[in-house]
Amino acid sequence: MRELSSGWGRILVAVYAVFAVAATGRSLVQLGTDADRAPLAYSLSLLAALVYLAATTCLLVGGPRGWWAALVAVAVEAVGVLVVGTLSYAATDLFPDRTVWSHFGQGYGFLPLLLPFLGLAWLRRTSPRTGR
Amino acid sequence: MQAVNAVLLWLVLALVLVAGVMVVVHLVRDETAGDPTFLALAAVEVVLLVQAVVGCVALAGTERDVAAATFLGYLLSLPLVLPLGAFWSLAERSRAGTAVLLVALLTVVALEVRVFSIWTAGA
């Protein structure tokens, strides 16, 4: 099995780390300064932040256990960005303020939409079952 | 103050462009980044540190309504990006390791744009 954080995984870890820090910072500022304005959106911001933190950590830890945990985190992320992205268009009243995942991550160059699928592709290549 | 901030923004973006081109050349040639590239990154870093100080002074002195917490968050994160990126890149001297430097530079651009838009939002 290849190391999750080496080769192209190294780039993935770097991008995930940036999003982990950015989403954590953003959600804490949102919840800390103006929590009542958009509780659902800000809670989802925090969830996104935790998912990015988990994915970064799992990729760094590696091993079969890290691989499975990373798969769960990236899958939650993929579902999250698709559901929140769709809802932010369909039910605008639910989201008075934006989250990382709103409009499929438009505010972040659509990277939040791309990232989970890059993550899944990388996990597929480094799968503990097919590797070695 | 406003003029100084704009000069710093463009200086950062220009230096990032220089460093970015150097990194892309390394990537295309599949070679690891050498001293000239890291010097270019260091030049960006110096301006980012100056900007952090100037930004704090500007925030303290402004009478406009700037979102202080967010502004400081981005402003003070900026100087951390390149050292962390360089550290992560140097741990693996490969094409992927070099690409990490590009990720770090693009992150600097994104943060820089955010800092400036937050600063000018109240203007």
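So, is Leu94(A) buried, partly exposed or exposed? Partly exposed, with a relative accessible area of 38%. Buried means under 20%, exposed over 50%, and partly exposed is in between, using a 1.4 Å probe and protein chains only.

Quick background, folks. This is a predicted model, where local features need pLDDT of at least 70, side-chain atom pairs count only at pLDDT 80 or more, and totals for chains, interfaces and linings use all residues. Residues are numbered from 1 along each chain as written, chains are lettered from A and ligands numbered from 1 in the order written, and side-chain values use heavy atoms, leaving out hydrogens and water.

Okay, the overall picture. Chain A has 4 helices and 0 strands; helices are DSSP runs of H or I with at least four residues, strands are E runs of at least two, and numbering starts at the N terminus. Chain A's radius of gyration is 15 Å, close to the 14 Å from the globule rule for 132 residues, so it's as compact as a globular protein of that length. That radius is taken over C-alpha atoms, and the rule is 2.2 Å times the number of residues to the power 0.38. Of those 132 residues, 45% count as buried. The C-alpha trace spans about 50 × 30 × 20 Å along its principal axes.

Now back to our leucine. Leu94(A) sits in the loop between H3 and helix H4 (111–125) of chain A. Together with Leu40(A), Val79(A), Val83(A) and Leu87(A), Leu94(A) makes a nonpolar surface patch of about 380 Å². Helix H3 (residues 63–90) gives the largest share, 3 residues. For a patch, residues need over 30% relative accessible area and no salt bridge (a Lys or Arg side-chain nitrogen within 4 Å of an Asp or Glu carboxyl oxygen). Nonpolar side chains (Val, Leu, Ile, Met, Phe, Trp, Tyr) are joined within 5 Å, like charges within 9 Å. Areas come from the Shrake-Rupley method with a 1.4 Å probe, and for residues only the protein chains shown count as cover.
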